[in-house]
Amino acid sequence: MAKGESVAGADIPAGGFVQLLTPDGERVDSVTTTDGTTYSVDFTDEEYRGLYRDLVTVRRLDTEAVALQRQGELGIWASLLGQEAAQVGSGRALRPQDMAFPTYREHGVLYTRGIDPIMPFGLFRGVDQGGWDPNEFKFNTYTIVIGSQTLHATGYAMGITMDGKIGSGDGEAVIAYFGDGATSQGEVNESFVWSGVFNAPIVFFCQNNQYAISEPLERQTRVPLYQRAGGYGFPGIRVDGNDVLASFAVTRQALDNARNGQGPTLIEAYTYRMGAHTSSDDPTRYRMAGEVEAWKAKDPISRLKTFLTKQKIGKKDFFAEVDADADKKALDLRERVLAMPDPQPVTIFDNVYPNGSPEVDAQRKAFVEYQASFEGSGH
């Protein structure tokens with residue numbers, strides 16, 4: 001953790017972050033922040049190996065998704081490449097009773113909640129709206145509108161308080177995921193206001209991947225994002241988002257604080273989006289290749305692999321087995337995606353109103369006639 005001056009509303013030195021695993025794969029036993037909180041992890045060898053398996057698997061599935069989109073099997077895809085540690089670490093920190101509200105990129109968190117990885121593909125293929133039950137898995141459906149899920153999460157957290165489900169280690173907590181660009185949205189700031197005033201049991205988890213599509217962080221804020229929490233009356237903390245151990249430790253502590261009635265926390269996971277914002281984006285137009293290369297040296301999977309190797313927790317046969325298993329899961333995913341039905345454009349009219357509408361029916365009729373006009377024309 002870097003040294004610096006203490007700042008109002010923050011509980012780590014300015015410019016620093018909580019880090020328990022360096023880019024070189026060296027373990028830091030613990031980090032104590034300026035408020036006296038000590039962050040550490042006490043994992044078994046098998047738990048360390050499990051985290052590595054998670055990271056490799058979610059990256060491999062994500063890579064397959066990108067390929068499927070490029071081959072015309074998905075309408076769009078939002079890659080998590082580079083953000084695996086922030087997602088897996090925070091996802092594994094959730095307790096079974098906690099509720100998560102994702103954006104459209106939290107494939108790693110979804111995986112840690114035990115949801116079949118195929119589920120988001122129906123959404124991105126246009127077949128359905130995402131097929132999992134949020135109540136069963138304690139993981140809400142993907143949200144496309146930037147920042148709106150933070151208000152949903154805040155309302156849910158306020159409901160937990162009203163139901164008397166906080167105040168003990170068995171209490172419930174909520175986590176809301178969003179990106180650095182979303183912090184400029186009104187919904188996010190409104191959720192900060194309400195959560196702070198009502199002391200809601202919520203953790204705001206901002207994955208600062210340095211770019212809001214093509215806009216760099218310096219066009220979003222003049223101070224580190226975690227410092228914003230002080231203005232709303234709750235603590236903020238920055239964590240090395242490429243460090244799965246620190247992401248776990250910081251998120252677990254924040255969630256436990258929330259469930260015990262200590263209110264919200266803003267976590268800024270300082271990470272980097274290695275790929276495009278979505279498959280419709282070309283990042284080479286707004287960032288330099290040298291910047292990407294510099295971040296590759298901080299890769300979350302490489303650093304954990306180095307640690308496992310140094311500590312003799314993982315050997316060559318283990319790493320080979322993890323890669324083979326991830327490839328098998330990716331092939332299974334591909335086959336299941338290809339077996340999905342092709343979405344029919346006319347279905348966009350099906351669920352606009354629960355009891356139908358003459359206006360929508362007229363629009364459907366016109367659309368069907370428009371499509372039919374292309375039959376036999378070679379288009």
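Predicted model: local features only at pLDDT ≥ 70, side-chain atom pairs only at ≥ 80, totals over all residues.
1. The annotated span. In UniProt, an unreviewed entry lists residues 56-339 under the name "domain: Dehydrogenase E1 component", and this label is passed on here as it stands in that record.

2. Helix 1 against helix 2. Two packed helices are described by the angle between their axes and the distance between the axes. For helix 1, which covers residues 45-70, and helix 2, the axes come within 10 Å of each other and cross at roughly 130 degrees. That angle makes helix 1 oblique to helix 2, and the crossing of this pair is right-handed.

3. Helix 2 against helix 8. Helix 2, made of residues 84-93, also packs with helix 8, made of residues 244-259. Here the axes lie 7 Å apart and the angle is about 40 degrees, and helix 2 and helix 8 are therefore oblique to each other. As helix 2 passes helix 8, the crossing is right-handed.

4. The loop between helix 1 and helix 2. Ile 76 is found in the loop that runs between helix 1 and helix 2, where its relative accessible area of 31% makes it partly exposed. Taken together with Lys 328, this residue gives a pair that is 252 residues apart in sequence, while the C-alpha atoms of Ile 76 and Lys 328 are 23 Å apart in space.

5. Aromatic pairs. The structure holds 29 aromatic pairs. In one of them, the rings of Trp 132 and Phe 139 have centres 5.9 Å apart and planes at 50 degrees, so this pair is tilted. Are these two residues buried or exposed? Trp 132 counts as buried because its relative accessibility is 5%, and Phe 139 is buried as well, with a relative accessible area of 0%.

6. Phe 17, Tyr 211, Tyr 270, Tyr 272, Tyr 286 and Trp 295 form one aromatic cluster. Over the face of Trp 295, a member of that cluster, lies Lys 298, at 4.3 Å from the ring centre. Elsewhere in the chain, the charged end of Lys 305 sits over the ring of Phe 319, at 5.0 Å from the centre of that ring.

7. Gln 210, although not a glycine, has a positive phi of about 85 degrees; it is placed in the loop between strand 5 (202-208) and strand 6 (211-212), and it counts as buried at 11% relative accessibility. Ile 213, which is likewise not a glycine, has a positive phi of about 55 degrees and is placed in the loop between strand 6 and strand 7 (215-216). With a relative accessible area of 43%, Ile 213 is partly exposed, whereas Gln 210 is buried.

8. Ala 157 in helix 6. Where does Ala 157 lie? Ala 157 belongs to helix 6, which covers residues 148-162, and with a relative accessible area of 0% it is buried. Between Ala 157 and Gln 83 there are 74 residues of separation along the chain, and their C-alpha atoms are separated by 26 Å.

9. Ser 357 has its place in the loop between helix 11 (316-338) and helix 12 (358-372), and a relative accessible area of 10% makes it buried. How far apart are the C-alpha atoms of Ser 357 and Asp 317? These atoms are separated by 61 Å, for two residues that are 40 residues apart along the chain.

Terms used: Residues numbered from 1 in each chain as written. Heavy atoms only, no water. Phe/Tyr/Trp six-rings, centres within 6.5 Å; stacked < 30°, edge-to-face > 60°. Buried < 20%, exposed > 50% of the residue type's maximum accessible area, 1.4 Å probe, protein only. Lys NZ or Arg CZ within 6 Å of the ring centre and 35° of its normal. UniProt positions renumbered as here; feature names shortened; annotations may be inferred. Axes fitted to C-alpha atoms, helices over the stretch in contact; angles between N-to-C directions. Helix = DSSP H or I, 4+ residues; strand = E, 2+ residues; numbered from the N terminus. Parallel < 35°, antiparallel > 145°, perpendicular 65-115°, else oblique. Left-handed = near helix turned anticlockwise from the far one by under 90°.
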